[in-house]
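Please look over the sequence and the model before reading on.

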Amino acid sequence: MKKVISVIIAFLMLFALAGCGEFKPPVNEGGNNPTTPTDPDNPVNPDDPDDEMSEGAFSVTLIYDSKPYIPDEDEVIRVVWTNLESGGGVYPVRVNAKGVAVCEGLDGDYAVTLETPPAGYTYDPNVYSASNDNRHIRLILFKITHDYGTATTPDRYQPLRLPGTGTYRILLQNSAQTVFFRFTPNRTGRYSVQSIADVTANKINPILDVYIASSQYVPESPDETRDGGGAAENTFTKNFYWESNLYSVGQNVYFGLRSECIDESAYPLSIDFILERPGEITGGENISYRKVEVTHRNGNLPDSVDYDSSPKHISTLTKGILDQSIIGLNADDGYYHLLDANGAPNGKIVYAILSVDSDVINTLEDGQTGPGAGFTDPRVSKRLADGAQDSDPCDYNDLVAAYASKCNSDGAYPVTEDLKGFFMKYSVCQRLFNDGKGFAEAFYQSSHSNQWLFNCVFYEGNPYAEEGQK
């Protein structure tokens, strides 16, 4: 998940720059970003800058789900570099067919934003900056979990429902409107809500009212109000950030989303916000956690071996339903293998994805924010317990760090008894499989005994054995 860079941008005189198109865009009085007076069918900037960009070029690559976001043929997306110096210029470039925008000739410090995100996506517009020492940016896109559009909720007893963690969008009509949302967690944890309004226009300030309530009673006044403390702040615009422990499954939390404004002409205006679960809790800080140490080969972990083939998800191979008999521990090497019909290892070792993106657990680039986080992300606790009454709460931090340091270039390591125990504990604690309501069930089905395989893969080719053997 990782800290954000505050950006303060004043709209002053805008200048042109050779190599990025020559224009003087006006300030958009009705929104958050400068507008570019260009015809989408005749863009100012080339669609496909040369692949061989100069050494001094600045570039931005759009990333979604750990891969470059490739625009549709008729989709116009422009990256905007805004010079942070007084009197600096604004320089938009269209994203090419490879998901990259390249701008030649920039020199100095720039805020990096999009004119508009791709339809159905958003991003945090306040965290990206480029400079002569940081020319190449990976801009992470979030898919909108749900766009509520224009909401007309008459009171707090008729709220919109937030189905779970995710990224949401609502269209506010004016500064007098409050839109109510209800969130009911299906597992305990530490949750946060943050807005990601662009601070550039500096006309609107998102505000979050929080009500701890039941379905029968919602207090007249909020328990707390947040109108700042978020990622980036400007003179007026301050993104809100709220975080709290929710100890009870089924506990209702009501959020009232509203805004203040300097200029009512900024409306109607969409506000994007993120509900996420930055860490696990188990009912109290007094729980005693058993620290789990590496036991495989007396704590000696050889480096994982790279393969020529790509890792294949086991649950995809078996169409989501695994039988215990096809997976087994090989006593000779201490790793779990796929087994043949006779119960013997068939040459394919089971690997765990620990340090890069996977279908179920999404890691984030350092310094970026957003929903989803991987096992090596510091925001995701490896202190796991299945509720406050768990008889064996475990601290896997050191164990996961030790294994992650030995992963191959795919971020994978062969599954040992240590790792099987961690994945099993993680899946049970986090309710990944929960009678159709678990997060992993969007991808897989599993029996209880095999749920530890939710994030495991295998490779075609020879098994992991001696150093350098393929």
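## Basis of the report

The model is predicted: local features need pLDDT of at least 70 and side-chain atom pairs count only at pLDDT 80 or more, while totals for chains, interfaces and linings use all residues. Residues are numbered from 1 along each chain as its sequence is written, and side-chain values use heavy atoms, with hydrogens and water left out.

## The chain as a whole

The protein has 3 helices and 31 strands; these are DSSP runs numbered from the N terminus, helices being H or I with at least four residues and strands E with at least two. Of its 470 residues, 52% are buried. Buried means under 20% relative accessible area, exposed means over 50%, and partly exposed lies in between (1.4 Å probe, protein chains only).

The protein exposes about 21100 Å², and carbon and sulfur atoms supply 47% of this area. Accessible areas come from the Shrake-Rupley method with a 1.4 Å probe, and for residues only the protein chains shown count as cover.

## Two helices in contact

Helix α2 (residues 397-404) packs against helix α3 (residues 417-429) at an angle of about 125 degrees, and their axes are 11 Å apart. Axes are lines fitted to C-alpha atoms, for helices over the stretch in contact, and angles run from 0 to 180 degrees between N-to-C directions. The two helices are therefore oblique to each other; angles under 35 degrees count as roughly parallel, over 145 as roughly antiparallel, 65 to 115 as roughly perpendicular and the rest as oblique.

Leu399, Val400 and Tyr403 of α2 meet Asp418, Leu419 and Phe422 of α3, where contact means heavy atoms within 4.5 Å. These residues comprise 5 nonpolar, no polar and 1 charged. Ala, Val, Leu, Ile, Met, Phe, Trp, Tyr, Cys and Pro count as nonpolar, Asp, Glu, Lys and Arg as charged, and the others, Gly among them, as polar.

Thr61 belongs to strand β1 (residues 58-64) and is buried, with a relative accessible area of 18%. Leaving aside neighbours within four places in sequence, Thr61 contacts Pro68, Gly99, Val100, Ile137, Arg138 and Leu139.

Pro206, in strand β16 (residues 204-213), is buried at 0% relative accessibility. Its C-alpha atom is separated by 7.3 Å from that of Leu257, 51 residues apart along the chain. Lys348 lies in strand β26 (residues 345-349) and counts as buried at 19% relative accessibility.
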